[in-house]
Amino acid sequence: MRFENRNVAIAAGGSGAGVACALDFLAEGASVALYYDDEGWIAPALEKADDEHLKLVRINDFSDADELISAGEELVSAWGKIDIAVAAINAPDNEKLLDMTEEEYQAIVSRISGGTLFFIQPLLKSMIEQDYGRVCVVMSIAGRRNFPG
């Protein structure tokens, strides 16, 4: 098992890619904290919810810096360390490009860019302290079309 004794945090905001990563890390022996905002996207992970190595972390708003920082700090406190962080935060699917207002666009930018930053930020402190860590940022339309499992 390649990731045995590794702690992985994954932000799967609107992303099948994040859930697919979580399932792969679990299969390779990692402990996984899966941040999510929509149970529809994490259905495959919910089937493994009784797995002692899977922690589900409900995030109400991936553009809320305080919520993400608090969740990260709580996770590091509970687990002691984070080895790998995977950010796979995508835009909601219901926006139309031709009808999008500047306010709607800024909300998407805040969700993706800000959400990625504030998800990773508290986890990086743990990585620096242990002199080890990996960060992966997944941003692609493939994340919206992926079928994990």
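The model is predicted. The mean pLDDT of the chain is 86. A score of at least 70 is reached by 85% of the residues.

The chain contains five helices and five strands. Read from the N terminus, the order of elements is β-α-β-α-β-α-β-α-β-α. Of the 149 residues, 43% are buried. Among contacts with a separation of 6 or more, 67% link residues 24 or more positions apart.

In soluble globular proteins, nonpolar side chains tend to be buried together. In this model, the largest nonpolar core comprises 19 residues. The residues with the most contacts inside that core are Ala9, Tyr35, Ile59, Phe62, Ile82, Phe119 and Leu123. Two or more residues each come from strand E1 (7–11), strand E2 (31–36), helix H3 (65–79), strand E4 (84–87) and helix H4 (102–130).

Aromatic pairs were searched for across the whole structure, and two were found. A pair of aromatic rings is described by the distance of the centres and the angle of the planes. Phe3 and Phe25 form an edge-to-face pair. Their ring centres are 4.9 Å apart, with 70° between the planes. Phe3 lies in the segment before E1, whereas Phe25 lies in helix H1 (residues 16–27). The pair therefore ties together parts that are 22 residues apart in sequence. Phe25 is buried, at 13% relative accessibility.

Tyr35 sits in strand E2 and Phe119 in helix H4, so the pair ties together parts that are 84 residues apart in sequence. Tyr35 is buried, at 0% relative accessibility. Phe119 is likewise buried, with a relative accessible area of 0%. Both residues are among those with the most contacts inside the largest core.

The charged end of Arg6 sits over the ring of Tyr132, at 4.2 Å from the ring centre.

The whole-structure search for disulfides returned zero. Cys21 is in no disulfide, and the nearest cysteine sulfur, that of Cys136, lies 6.4 Å away. A disulfide requires the two sulfur atoms to be within 2.5 Å. The sulfur of Cys136 is therefore too far from that of Cys21 for a bond. Cys21 is partly exposed, at 21% relative accessible area. Cys136 is also partly exposed, at 37% relative accessibility.

Gly29 is located in the loop between H1 and E2. Gly29 is buried, with a relative accessible area of 19%; the cut-off for buried is under 20%. Beyond its neighbours within four places in sequence, Gly29 is in contact with Met1, Phe3, Glu4 and Asn5. Phe3 is thus a contact of Gly29 and the aromatic partner of Phe25. The C-alpha of Gly29 is 9.6 Å from that of Asn7, and the two residues are 22 apart in sequence.

Thr116 belongs to helix H4. At 8% relative accessibility, Thr116 is buried. Residues up to four places away in sequence aside, Thr116 touches Ala87, Ile89, Arg111, Val137 and Met139.

Ser77 is placed in helix H3. In contrast to buried Thr116, Ser77 is exposed, with a relative accessible area of 63%. Ser77 and Ser126 are 49 residues apart in sequence, and their C-alpha atoms are 9.6 Å apart in space.

Conventions. Residues numbered from 1 in each chain as written. Predicted model: local features only at pLDDT ≥ 70, side-chain atom pairs only at ≥ 80, totals over all residues. Heavy atoms only, no water. Buried < 20%, exposed > 50% of the residue type's maximum accessible area, 1.4 Å probe, protein only. Core = buried A, V, L, I, M, F, W, Y, C linked by side-chain atoms within 4.5 Å. Helix = DSSP H or I, 4+ residues; strand = E, 2+ residues; numbered from the N terminus. Phe/Tyr/Trp six-rings, centres within 6.5 Å; stacked < 30°, edge-to-face > 60°. Lys NZ or Arg CZ within 6 Å of the ring centre and 35° of its normal. pLDDT = per-residue confidence, 0-100. Contact = heavy atoms within 4.5 Å.
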